[in-house]
Amino acid sequence: MKIPNSQITPDVWYVGVNDRVSGIFERMWPLPYGVSYNSYLITDEQVTLLDTVESAFFELFLKQIKGILGERPIDYLIINHMEPDHSGSIGMLCREYPQMKLVGNKKTFNMLAGYYPELSNERVVVDDGHTLSIGQRTLQFITAPMVHWPEVMFTYSAYDKILFSADAFGTFGTLDGNIFDRDCCPDHYFEEMYRYYACIVGKFGPFVQKVLAKVLAMNIPIDYVCSLHGPIWTAAHFPKALGIYDQLSKYESQKGAVILYGSMYGNTAVPADIIARSLAAEGIKHIVCYDLSTSNPSFVLRDVFRYRAVIVGAPTYCMDIFPPVKEMMEKFAMRDIKDRLLGVFGSYSFAGQATKKLTAYADTLKWELVGTPLDQLGATGEDDAQKAIHLGRAVAKRLHELYPEE
Ligand code: FEO
């Protein structure tokens, strides 16, 4: 089965698959547009495959490979990333091609031993800067530790001007016919890139920065960036993808506010909307509100990576922060999201704790506390409403100071 529109350059082929079945990535993150698991095949003198696909899609994956190769064997499998959405078919592929040599670094093979202790395929251990000649092409390896696993590496083909970039520049969304960004409308890929980055790579911004600097310093010509998820980037849109990864990995933010709250009986929801109106009245355009009892955290993470101000509200529950809100705060701490403004509001019926404990996250996260936290007893009274308006104004004022041009 030779699938049309699979060729990237002469002898370099896209052999990835689309997942519209799982509905959820890493059993946590919803996939409204699905996701692709990308793999690439080079039919040089030595046939070389770069990464595999999630195990459930092995049969289709193999059919595509055989549609191009026929009975010709694969000589090398380059393992740029060991996470199972890409390494899940390695065992089955090695049984199909027992003579295939596996190419990875030391950390790759440590992990491989854990996942596939039975494999006896010959191994080629490479490191940063090493090369592998496969005929007309000499492939170069560029280690990319902690983007977002320790064994990750990129592979560069100077012959094709292709950078195979593992998960970097990846995004959710299946490839619906067109495999290149230049041939499709990529808006949803960019929207999902924020969410993909925030959820999957978000903790490792400094490592992303290091690798971006390393690749830029190499000054290599690149016509195609082949990530493991999403479209193949070309000059048409790669600068935008690079800009998003650069911005997010520096924790740079835009002028805007995310209002997050939990509300058991609707009393904490009232100041949330008043704060939002207050921000709007002060000229803040980008305002997003989430009820954390019904919102998937991936969308919240996306917007907290995107916008500078985070205004959080919760009722007190069991002498603590209402659990969905507390869990969200822990997700921010887990990703070490830097340099945000924090506003706080809370409510209680007795023994109020939520506002105080949410305020303490300013120290935990090293975020700048803005305005006076609102601590509301019961329903929103006139005095509480005024405090909510003032909190919105204080956050808006700080945003205007930080982004005077926007
Ligand atoms: Fe797409 Fe880190 O796996």
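Glu192 lies in helix α5, which covers residues 187-201; helices here are DSSP runs of H or I with at least four residues, strands are runs of E with at least two, and both are numbered from the N terminus. The model is a predicted one, in which local features need pLDDT of at least 70 and side-chain atom pairs count only at pLDDT 80 or more, while totals for chains, interfaces and linings use all residues. Residues are numbered from 1 along each chain as its sequence is written, and side-chain values use heavy atoms, with hydrogens and water left out.

Is Glu192 buried or exposed? Glu192 counts as buried because its relative accessibility is 2% (buried means under 20% relative accessible area, exposed over 50%, and partly exposed in between, with a 1.4 Å probe and protein chains only). Leaving aside residues up to four places away in sequence, Glu192 touches Pro32, Tyr33, Thr171 and Phe172, where contact means heavy atoms within 4.5 Å.

Gly230 sits in the loop between β16 (224-226) and α7 (238-249). With a relative accessibility of 0%, Gly230 also counts as buried. Its contacts, again not counting residues up to four places away in sequence, are Ser36, Asn38, Thr171, Gly173 and Leu175. Gly230 and Ser263 are 33 residues apart along the chain, and their C-alpha atoms are separated by 37 Å.

Attention now turns to strand β17. In this strand (residues 254-261), 7 of the 8 residues are buried. Strand β17 pairs in the parallel sense with strand β19 (residues 307-317) over 6 bridges; two strands pair if DSSP finds at least two bridges between them. Val258 stands opposite Val310 of β19. Strand β18 (residues 287-291) also runs parallel to β17, joined to it by 5 bridges, and Ile259 has Cys289 of β18 as its bridge partner. Together, β17, helix α8 (residues 269-281) and β18 form a right-handed β-α-β unit: with the strands pointing away from the viewer, the path from the first strand over the helix to the second runs clockwise.

Helix α8 also packs against helix α12 (residues 382-402), at an angle of about 45° and with the axes 8 Å apart. Axes are lines fitted to C-alpha atoms, for helices over the stretch in contact, and angles run from 0 to 180 degrees between N-to-C directions. The angle makes α8 oblique to α12. Residues making the contact include Ile274 and Leu279 of α8 and Ala388 and Val395 of α12.

Key:
Angles under 35 degrees count as roughly parallel, over 145 as roughly antiparallel, 65 to 115 as roughly perpendicular and the rest as oblique.
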